[in-house]
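Load the model in the viewer and keep the sequence panel open. The stops below go from the whole chain to single residues.

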Amino acid sequence: MKNRRFALLLVTLLLDLLASPFVEGYRLGRVAFNVFSTDVLFSALYSISENKRRFLWGLVLFVPAVAGVWLGYFAPDSLIMSQAPILMTFFLIYTAYRVLMHVLRSDEVTSESIFAALSVFLLLGVIWSMFYFGLESFQPGSFKGLGTLGDYSGGLGSSCLYYSYVTLTTLGYGDVTPVTSVARSLSYVEALMGQLFLAVLVARLVGMHIAHSMKEK
């Protein structure tokens, strides 16, 4: 099963993104949101457990990330605890980096390398949603149309995810707009990163495929 770790990460990310909106607004919606987030974190840790050293580094960041998710739920009135899910960002950045390195260092295009690349793209959207959440939390009004302030599992996180993926894919619906200079900077950096990632990824995968085909001749 370990050779399918990137497929598992991709599936949990997709399930989290697809299922979260359906539980929002229900009494147990926040619990379900946190459960989905925890599943993603476990899958992320599993995906980078290629060796003991990487697993231990990942575990150091994984523990506060999971603690932050649930402390933010059990102590919603505490400012520190309500922002605790931001701890996920550090772990997800490390995960995205390790998975991306796996793609770039691969010698052959396989289903797992494709799953890994897709997972990195989805992780970028989640990471940037955390940036937007943190900015809106500490500087309310940075975005217009984002919604009311709350903790990440209480509705604002869903709005941040929506805006993040709309920006990452350069859809630009315009229903949520950055107002402050920092918000605008984060937005265009994410848009640029999304386009550059796809361009570099396609070039890398095509190069890997050509190189592998030439070796087989």
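Accessible areas here come from the Shrake-Rupley method with a 1.4 Å probe. On that basis the chain exposes about 11,300 Å², and carbon and sulfur atoms supply 70% of this area. The model is predicted.

**Whole chain**

Start with a cartoon view coloured by secondary structure. There are 8 helices and 2 strands in the chain, and their order along the sequence is α-α-α-α-α-α-β-α-β-α. Of the 217 residues, 45% count as buried.

**The nonpolar core**

Next, select Leu41, Met88, Phe91, Leu92, Val99, Phe143 and Leu146. Within the largest nonpolar core, which has 48 residues, these touch the most other members. Two or more residues of this core come from each of α1 (5–23), α2 (29–47), α3 (52–74), α5 (87–105), α6 (111–138), α7 (156–168) and α8 (181–216). Which element gives the most to the core? It is α6, with 14 residues.

Keep Phe143 selected and show its surroundings. Leaving out residues up to four places away in sequence, Phe143 touches Tyr132, Leu135, Glu136, Tyr163, Val176, Thr177, Pro178, Val179, Ala183 and Ser187.

Select Thr95, in helix α5. Is Thr95 buried or exposed? Its relative accessibility is 0%, so Thr95 counts as buried. Apart from residues up to four places away in sequence, Thr95 touches Ala44, Ser47, Ile48 and Leu123.

Then go to Ser137, in helix α6. Ser137 counts as buried because its relative accessibility is 13%, and the cut-off for buried is under 20%. Draw a distance from the Ser137 side chain to the backbone oxygen of Phe133: the side chain reaches that oxygen at 2.7 Å.

**Glu190**

Move on to Glu190, which is placed in helix α8. With a relative accessibility of 1%, Glu190 counts as buried. Which residues is Glu190 in contact with, leaving aside its neighbours within four places in sequence? They are Leu124, Gly125, Trp128, Tyr132, Ser164, Thr167 and Leu168. For a check in the viewer, take the C-alpha atoms of Glu190 and Leu124: they are separated by 8.3 Å, and the two residues are 66 residues apart along the chain.

**The salt-bridge network**

Side chains of opposite charge can pair when their charged atoms come close. The count for this model comes to 2 salt bridges. Select Arg5, Glu50 and Arg54, which are linked in a network of salt bridges.

Begin with Glu50 and Arg5, whose side chains meet in a salt bridge at 3.4 Å, N to O. Glu50 lies in the loop between α2 and α3 and Arg5 in helix α1, so this pair ties together parts that are 45 residues apart in sequence. Then turn to Arg54: its salt bridge with Glu50 has the closest N and O atoms 3.1 Å apart.

Glu50 has 42% and is partly exposed. Arg5 has 9% and counts as buried. Arg54, at 19%, also counts as buried, because the cut-off is under 20%.

**A nonpolar surface patch**

Switch to a surface view and select Tyr188, Val189, Leu192, Met193 and Leu196. These residues make a nonpolar surface patch of about 470 Å². Tyr188, one of the residues in the patch, lies in helix α8. The relative accessible area of Tyr188 is 49%, so Tyr188 is partly exposed; the exposed class begins over 50%.

**Thr170**

Finish at Thr170, in the loop between α7 and β2 (177–178). What is the phi of Thr170? It is positive, about 55 degrees, although Thr170 is not a glycine. At 43% relative accessibility, Thr170 counts as partly exposed.

Methods
Residues numbered from 1 in each chain as written. Predicted model: local features only at pLDDT ≥ 70, side-chain atom pairs only at ≥ 80, totals over all residues. Heavy atoms only, no water. Core = buried A, V, L, I, M, F, W, Y, C linked by side-chain atoms within 4.5 Å. Buried < 20%, exposed > 50% of the residue type's maximum accessible area, 1.4 Å probe, protein only. Helix = DSSP H or I, 4+ residues; strand = E, 2+ residues; numbered from the N terminus. Contact = heavy atoms within 4.5 Å. Polar contact = N/O pair within 3.5 Å; in protein donor to acceptor, adjacent residues only side chain to side chain. Patch = residues over 30% accessible without salt bridge, like charges linked within 9 Å, V, L, I, M, F, W, Y side chains within 5 Å. Salt bridge = Lys/Arg side-chain N within 4 Å of Asp/Glu carboxyl O.
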